[in-house]
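Take a look at the model below. We will walk through some of its salt bridges, then its sheet.

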Amino acid sequence: MQQLLKIKSKQTVALDTVEMVLENKAVSQIAVPGQFLHLHVDGHMLRRPISIADADPSVHTVTILFKILGEGTRKLSTYQIGDVIDVLGPNGNGFPLVNATKNSVLIVGGGIGVPPLYYLAKKLTESGVTITAVLGFQSKEHVFYEGEFEELGKTIVVTNDGSYGETGFVTNISKEALPSIDEYYSCGPLPMLQAVKERWNNIPGYLSLEERMGCGIGACFACVIPTDDHGGYKKICQDGPVFSAEEVQL
Ligand code: FES
């Protein structure tokens with residue numbers, strides 16, 4: 001659905017990383033973790049898919065976080081409190097919360113893949129699930145939401161250059177540093193998701209795939225991903241962005 005969302009607050013939470021709290025009653029009531037909003041940015045034909053980092057229907061707000069990567073997101077970062085954004089969404093299928101009957105869930109996020117996992121982690125802990133979060137960033141100045149995740153469960157931050165937390169990649173964390181895990185949920189760049197899928201291939205997992213999108217509503221085929229060796233495919237924007245790990249070929 002097409003909606004207008006008003007910017008209620010805006011802050012820079014890490015290097016080139018902006019958090020915006022947007023107001024819209026309907027979107028706040030129906031958004032589920034893993035879904036995204038498709039934002040129109042003035043002067044740009046293609047909308048920008050930005051995942052939902054939080055939603056609070058009691059105050060009619062939806063939170064998004066985005067990294068300034070190109071002209072579109074740079075323009076978006078100049079929007080001010082009170083400005084209104086034209087949005088399609090919430091779009092896509094989110095994380096399967098109905099399956100969250102497991103006791104111990106591992107959350108693995110990388111960079112701008114971290115925000116949707118925050119909303120997910122909140123919902124999981126609300127339903128009594130114990131979460132452990134492993135969050136990977138390039139370096140110290142890119143780290144965000146560490147405190148927010150710590151309020152929900154054990155949180156391990158990893159930086160590629162070792163300037164903060166553990167050094168290396170999210171998949172470097174030793175088995176001893178993690179509790180026993182029933183299921184994992186992950187979002188981040190493709191190489192990270194490939195490594196995550198391989199590392200935890202013995203337990204069920206769900207992956208949220210980040211992909212540049214065109215239409216965002218299943219009409220243009222810009223975002224297809226193979227699902228088997230026989231030419232099968234799914235659309236990330238419509239069938240995902242969340243898939244079970246065994247369902248997709250990365
Ligand atoms: Fe157009 Fe997915 S972005 S089909």
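Asp86 forms a salt bridge with Arg47, and their closest N and O atoms are 3.0 Å apart. A salt bridge here means a side-chain nitrogen of Lys or Arg within 4 Å of a carboxyl oxygen of Asp or Glu. Asp86 sits in strand S6 (residues 84-91), while Arg47 is in the loop between strand S3 (36-39) and strand S4 (48-56), 39 residues apart. Strands (E, at least two residues) and helices (H or I, at least four) are DSSP runs, numbered from the N terminus.

This is a predicted model: local features need pLDDT of at least 70, side-chain atom pairs count only at pLDDT 80 or more, and totals for chains, interfaces and linings use all residues. Residues are numbered from 1 along each chain as its sequence is written, and side-chain values use heavy atoms, leaving out hydrogens and water.

The structure holds four salt bridges. Another one joins Lys122 and Asp54 (3.0 Å, N to O). Lys122 lies in helix H3 and Asp54 in strand S4, so this pair ties together parts 68 residues apart in sequence.

Now the sheet. In what order do its seven strands lie? The order is S10-S9-S8-S7-S11-S12-S15, in an open sheet with mixed pairing. Two strands pair if DSSP finds at least two bridges between them. The edge strands, S10 (166-167) and S15 (242-244), each pair on one side only. S11 (residues 183-188) and S12 (residues 205-209) run parallel, joined by five bridges. Among the partners, Tyr184 is bridged to Gly205 in S12.
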